[in-house]
Structures are given as structure tokens and as C-alpha cells.
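We begin with confidence and then walk through the parts.

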Amino acid sequence: MYYKFSGFTQKLTGSAPATAYNPQGLRASLPAESPTMIFATPTKVVSEAGATAEYMGANKVPDLQKLFQTSDGTPVHLKRGYPDRLLYRTTMALTIGGVAYCLVALYIAAQPNRK
């Protein structure tokens, strides 16, 4: 017996051999058409682009590696100084404020309704 997937019931159902081999009603005799190109303009290979796309800035990675890999007892998220401390303290203040707000909201929600 042959089976096919039913899109209506989402289960396998019995079917004829031709329907089981062509589940979406596709016919083997029809030629497959290639899809149309979305981007009609050809792309350039990197070697063809030349030196126009070069990055002209200095490489900061070695300096940052030296900064972050020093073992001075400072956590990694605070190694860059004042901006990191400001972001850390702001995040902690917002977190504590959010927890306090949630607790107040839970306390208010736990109170019975007054009529």
C-alpha cells in the first residue's frame, strides 16, 4: 500500500501509487524552471575590486590584548577605566531598581480589592 502526507489532517493517509510518488501534484514530465535572479548585477571578486576597499585605520587589537591580558586584579569588564565603571554602576542601579519595583508591584497585587 502507498501512503502520502495529508496537509489537512497532518497524518499519513493511503493513496494511489502515482499520488504517493508526486505528493504535491507535480508531474515528472514538466521541465523544472530555474528561478529568476534576485540581484541582476554581477558581483566582483575581492581580487578584482583592487585596493579601493582597504581599511586605513590603525590596528588596535594588539594594544587591547595587552590591556585585557594584564593580571592586575581588576575584572575584565572594568579594565578600560571610567566608562566601564559608569556602565557597570548604571546597570547595577537599574537592576536593583527593577527588583524593588517588582517587589512593590507584587505587594500591591497581593492586597485584596477595596470597594
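## Confidence in the model

Please keep in mind that this is a predicted model. The mean pLDDT of the protein chain is 80, and 70% of the residues reach a score of at least 70. Where pLDDT is low, the predicted coordinates should not be read in detail.

## Overall layout

The protein chain contains four helices and two strands. How much of the chain is buried? Of its 115 residues, 5% count as buried.

## The hairpin

Let us start with the strands. Strand 1 (residues 2–5) runs antiparallel to strand 2 (residues 12–15), and four bridges pair them. Together, strand 1 and strand 2 make a hairpin with six residues between them. In the turn, glutamine 10 has a positive phi of about 60°.

From phenylalanine 5 to serine 15 the distance is 9.4 Å, with the two residues 10 apart in sequence. Leucine 12 and tyrosine 2 are likewise 10 residues apart in sequence, and their C-alpha atoms are separated by 9.7 Å.

## A nonpolar patch on the surface

Which residues form the nonpolar patch on the surface? Its members are Met1, Tyr3, Phe5 and Leu12, and together they have about 560 Å² of accessible area.

Phenylalanine 5 belongs to strand 1. Its relative accessible area is 52%, so phenylalanine 5 counts as exposed, the cut-off being over 50%. Leucine 12 is part of strand 2. Leucine 12 is exposed too, because its relative accessibility is 62%.

Moving on along the chain, we come to a charged pair. Side chains of opposite charge can pair when their charged atoms come close. How many salt bridges does the structure hold? The structure has one, and it links lysine 79 with aspartate 72, with 2.9 Å between the closest N and O atoms.

Where does lysine 79 sit? Lysine 79 is found in the loop between helix 3 (61–69) and helix 4. Is lysine 79 buried or exposed? Lysine 79 counts as buried because its relative accessibility is 12%, and buried means under 20%. For a further point of reference, take glutamine 69: 10 residues separate glutamine 69 and lysine 79 along the chain, and their C-alpha atoms are 9.7 Å apart.

## The annotated transmembrane region

Our last stop brings in a record. An unreviewed UniProt entry places a "transmembrane region" at residues 86–110. What does the model show for residues 86–110? The span is 100% helix and 0% strand, and its end C-alpha atoms lie 36 Å apart.

Conventions. Residues numbered from 1 in each chain as written. Heavy atoms only, no water. Pairing = 2+ DSSP bridges. UniProt positions renumbered as here; feature names shortened; annotations may be inferred. pLDDT = per-residue confidence, 0-100. Patch = residues over 30% accessible without salt bridge, like charges linked within 9 Å, V, L, I, M, F, W, Y side chains within 5 Å. Areas by Shrake-Rupley, 256 points an atom, 1.4 Å probe, with all protein chains shown as cover. Salt bridge = Lys/Arg side-chain N within 4 Å of Asp/Glu carboxyl O. Buried < 20%, exposed > 50% of the residue type's maximum accessible area, 1.4 Å probe, protein only.
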